[in-house]
Amino acid sequence: MRSGGVNRVLLALTGLLLLAVGGAVLAVGLGVRPPSWWIHGGPHDVLLSRAERTRYRAARWWWPAVIAALTVLVLLALWWLTAILRRRRLAEIRVDTGDGASAVLRVRALESALAEEATAGSGVAHAQALLGGRPTRPRARAWLRLEPEADPSTALAEFTDGPLTHARESAGLPSLPAEVRVRAVGHRAERVA
């Protein structure tokens, strides 16, 4: 499972857990009688009673341990949030113009040119391309949807020799590794009389 799927599953489970606990607390607050094992006994019950708050007062390790555990939990949540929000796509690539200067090439323009040229290939119904990685070492990901009669090996060879090579040369890159996924376009079955 990819990290995006793991993130969705963890968010869904966390959301369901918080929704269930919040709904149960709301129901108890509105007067619903809770089960005997539930942490709140009624609408005027507090989260931590005075006895629960002062039970470990003599133990010097208790509050530092609670604060350390909560700090670790907050740091893990912040790390997860920054990992999700971090951009994985490139915005631009610097191209050496040969005269000591450089030009800026927008990655979206290169992606769109790569996809358009791939779609113009024989047997390709639709193409999509994304560039990721580092500005000095980008990687391409492409999805090709082929016509039902197209040969996948021929379409892949044409994509590698044509659009991918042109993109690498136009960006002045020494290499442009690519992951290409090929699928056939679905079509209706033909009726035979």
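Visitor: In which hand does α4 pass α5?

Guide: Helices here are DSSP runs of H or I, at least four residues, and strands are runs of E, at least two, numbered from the N terminus. A crossing is left-handed if the near helix is turned anticlockwise from the far one by less than a right angle, and right-handed if clockwise. By that rule, the crossing of α4 and α5 is right-handed.

Visitor: What is this model, and how are residues numbered?

Guide: The model is predicted: local features need pLDDT of at least 70, side-chain atom pairs count only at pLDDT 80 or more, and totals for chains, interfaces and linings use all residues. Side-chain values use heavy atoms, without hydrogens and water, and residue numbers follow each chain's written sequence, starting from 1.

Visitor: Why is α4 called roughly antiparallel to α5?

Guide: Axes are lines fitted to C-alpha atoms, for helices over the stretch in contact, and angles run from 0 to 180 degrees between N-to-C directions. Over 145 degrees counts as roughly antiparallel. Helix α4 (residues 107-119) and helix α5 (residues 152-171) have axes 9 Å apart, at an angle of about 155 degrees. That angle makes the pair roughly antiparallel.

Visitor: Which residues of α4 make the contact?

Guide: Contact means heavy atoms within 4.5 Å. The α5 side includes Phe159 and Leu164. From α4 come Leu110, Leu114, Glu117 and Ala118.

Visitor: Which strands are the edge strands of the sheet?

Guide: Strands pair if DSSP finds at least two bridges between them. The open sheet has the order β3-β4-β5. Pairing on one side only are β3 (124-133) and β5 (178-184).

Methods: Angles under 35 degrees count as roughly parallel, over 145 as roughly antiparallel, 65 to 115 as roughly perpendicular and the rest as oblique.
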